[in-house]
Amino acid sequence: KQFNSLRLACRREEMCLLFVSIFAVVGVRAFVSPSPPLRVTSLSAVAITKEAAVAAPVEVEQLPLSGKSSSSSLGSLSTTDAEKRLRRLASAELSLDVFVVGLSHHNAAVETREKLAIPEAEWSAAARDIVESSQGDIAEAAVLSTCNRFEVYFAAKDARRGFAAASKYLQERSGLPMATLRDSLFMLSYDHAARHALRVASGLDSLMVGEGQILAQMKQCYAHAVEEGGAGGKVTTRLVNAAVAAGKRARDETDIAKGAVSISSAAYELIEERLGVQKILGGGGVTEEEGPTSLKESSIAIVGAGKMTRLLLIHMASHGVTTGITILNRSAQKAEDLAAEFRESHGCEIDVVVTGGDDAVVLDALSKNSFDVVFTSTSSESYVVRKEDLAQRERPLALVDISVPRNVDPACDDLPNVAAYDVDSLKAVVEKNTAKRKREIIQAEKLLDGEVLNFRSWLDSLSAVPAITKLQQ
C-alpha cells in the first residue's frame with residue numbers, strides 16, 4: 001500500500017511539472033488564439049526541460065544584436081531587457097527543492113568525520129565555496145559541522161547534478177578517495193531531506209537523544225545562512241528555520257529533553273562507570289596498579305575552556321565533583337573567567353594553567369603522573385597528546401577525548417597504563433539514554449510529521465510562481 005501510494009504521488013507530481021512546463025513554454029497565447037510557435041533566444045534554450053521540449057516543440061533563434069525582433073512577443077523591449085526577462089523566466093521553469101548530503105556518527109567513524117570538520121567561523125565561507133564550485137548546479141547552501149556530523153543542506157533543481165557537485169566538494173576538502181568517502185556519505189532528497197533537518201534540530205538524530213546543544217548549533221547554521229556573505233537563499237533558510245522551530249516544539253511539547261545528557265555529561269558517565277570497576281581497561285590490558293574508584297577521588301585535568309568544558313563542569317558539579325580540577329587553556333582570560341564562575345556558583349576548587357598554545361606545557365603536566373583523568377576539548381586540528389609523550393608514565397591514566405578533530409592519538413590506548421576514549425566510545429551510555437526515551441521519541445516523530453507537511457506545502461506553493469509570472473506578461 002505504501003509503495004502504491006508513493007507511486008501515485010510521483011505520478012501526480014510528474015503531471016503537475018509537465019503542465020507547468022507546457023504552460024511556461026507555450027504561453028497563454030497558445031490557449032486563447034492561434035499563433036506561431038514561441039520563439040525564445042538561445043540564452044534560455046538551455047533552461048528548457050526535456051519534458052517541455054517533448055510536449056511543445058520550440059523554435060530557437062538568435063536574438064538580434066540590436067534593434068527589435070518583429071516576430072517576437074517581446075514588443076518594444078530592448079535586447080538587453082529581453083535577455084534578462086527570458087533568462088528570468090527560463091530559470092523559473094523548474095522550482096528548487098531541498099537536499100542534504102553529509103556524514104554523521106551513524107555511518108562514519110570519527111577519523112573520517114574529523115577530515116571534514118569545519119570551525120563555526122568558516123561555515124559561511126564553506127557554503128559559498130560549495131555554491132560557487134557547483135557552476136550553477138547548487139543554488140543555495142548551508143553548512144552544519146559539529147563533533148558528530150558534517151552536513152550540507154542545499155537547494156537545487158536537479159538532484160543528480162546537485163549531489164555530484166556537493167560530493168565533489170566534500171571529496172576535495174577531505175582528501176579521501178571518492179570510493180572511501182562514498183561509503184560514509186548519506187544523501188537525502190525532498191521530504192526525506194526536510195525531515196532529516198527537523199530530526200537533527202529536535203535531537204532525535206543525536207548521539208545523545210534529546211540533547212540541547214544541537215538546537216543551538218542549528219540556530220547558528222541559520223544565522224550564518226542569512227548573514228551577509230552567507231549562501232542561504234529563500235528555500236534553504238526556510239528549511240533551517242523550520243528545523244529550529246520544530247526543535248523547539250519537540251522540546252516544549254514532549255519530554256524528549258527531560259533528563260537528557262550532552263556529549264560532555266555522557267563522557268563523565270562513561271569514565272565514572274569505568275573507574276567504578278577499580279581498574280582501567282585499555283588496549284594494553286588491565287593495569288597492575290589500581291587507580292581511584294570515582295571522579296570524586298580523582299585528580300582531573302580539562303584541556304580547553306569552551307562550551308564542552310562548561311557543560312562538563314556543570315555535570316561534574318551536579319554530582320559533587322568539585323575538587324582536584326585543573327583547566328589547561330592557551331589563553332588565561334577565558335580559563336580564569338570560567339574557573340571564577342564555578343568557584344562562585346558551585347564552590348569548586350579549580351586551578352588554571354595557561355599553555356599559550358604550547359602543547360609542550362600540556363604534555364609536561366600529563367607526564368608528571370599528577371592526573372588520573374584528562375578530558376580534552378580544544379579546537380586544535382592536530383593531536384595534542386601522542387603515544388610517545390606518555391611512554392614513561394607509570395600511574396594509570398584515563399584520556400577522554402570529546403573533540404572532533406581528535407586531540408588524542410588513538411595509539412595512546414596501546415600503552416599498558418593508559419586507556420584512551422573518544423566520542424565513538426560513548427555507545428554504552430547512548431544505548432541506555434535512548435532506551436529511557438522510547439515513548440518520547442515516538443511522540444516527537446509524530447509531531448514532526450505535521451511540520452514536514454507544512455514545509456512541503458510552502459515549497460509546493462512556489463511552483464505556482466512561474467505560471468503566475470507568465471500570466472502577468
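Predicted model: local features only at pLDDT ≥ 70, side-chain atom pairs only at ≥ 80, totals over all residues.
Gln135 is located in the loop between α7 and β4; helices (H or I, at least four residues) and strands (E, at least two) are DSSP runs, numbered from the N terminus. With a relative accessibility of 76%, Gln135 counts as exposed. Here, buried denotes under 20% relative accessible area, exposed over 50%, and partly exposed in between, as computed with a 1.4 Å probe on protein chains only. Most residues other than glycine have a negative phi, and most peptide bonds are trans. Tyr190, likewise not a glycine, has a positive phi of about 55°. Tyr190 belongs to helix α10 (residues 190–202) and, at 38% relative accessibility, counts as partly exposed. A cis peptide bond is found between Val404 and Pro405, with omega of about 5°; Pro405 is placed in the loop between β13 (397–401) and β14 (418–421).

Helix α7 itself (residues 123–133) has Trp123, Ser124, Ala126, Ala127, Ile130 and Val131 as its buried residues. Viewed down the axis of α7, these buried residues fall within an arc of 165°, so they line one face of the helix; the arc is that of the directions from the helix axis to the C-beta atoms. An α-helix has 3.6 residues a turn, so residues three or four places apart point the same way. The cover over the buried residues of α7 includes β4 (140–145), β5 (149–156), α8 (159–174) and α11 (213–226).

Strand β5 is mostly covered, as eight of its eight residues are buried. Two strands are taken to pair if DSSP finds at least two bridges between them. Strands β3 and β5 run antiparallel and are joined by eight bridges; Phe150 in β5 is the bridge partner of Leu103. Strands β4 and β5 also run antiparallel, with six bridges joining them, and Tyr153 in β5 is the bridge partner of Ala142. A hairpin is formed by β4 and β5, with three residues between them.

The largest nonpolar core contains 66 residues, of which Val152, Phe154, Leu170 and Met218 touch the most other members. Such a core is a set of buried Ala, Val, Leu, Ile, Met, Phe, Trp, Tyr and Cys residues joined through side-chain atoms within 4.5 Å. Helix α18 (residues 438–461) supplies the largest share of this core, eight residues. Apart from this core lies another, of 42 residues, including Leu275, Ile325, Ala335 and Leu426. Contact denotes heavy atoms within 4.5 Å. Excluding residues up to four places away in sequence, Phe154 touches a set of residues including Phe99, Ile138, Phe163, Ala166 and Thr236.

The whole structure contains five aromatic pairs. Rings of Phe, Tyr and Trp (its six-membered ring) pair if their centres lie within 6.5 Å; planes under 30 degrees apart count as stacked, over 60 as edge-to-face and the rest as tilted. Phe99 and Phe163 form an edge-to-face pair, at 5.5 Å centre to centre and with 80° between the planes. This pair links distant parts of the chain, given that Phe99 in strand β3 (residues 97–104) and Phe163 in helix α8 are 64 residues apart. Both Phe99 and Phe163 are buried. Ring pairs link Phe99, Phe154, Phe163 and Tyr190 into a cluster.

Leu459 lies in helix α18 and is buried, with a relative accessible area of 3%. Its C-alpha atom is separated by 7.6 Å from that of Asp97, although Leu459 and Asp97 are 362 residues apart along the chain. Beyond its neighbours within four places in sequence, Leu459 is in contact with Leu96, Asp97, Val98 and Val235. Glu445 is also found in helix α18 and counts as buried at 18% relative accessibility. With neighbours within four places in sequence left aside, Glu445 is in contact with Arg195, Arg199 and Leu204.

Note on methods. Residues numbered from 1 in each chain as written. Heavy atoms only, no water.
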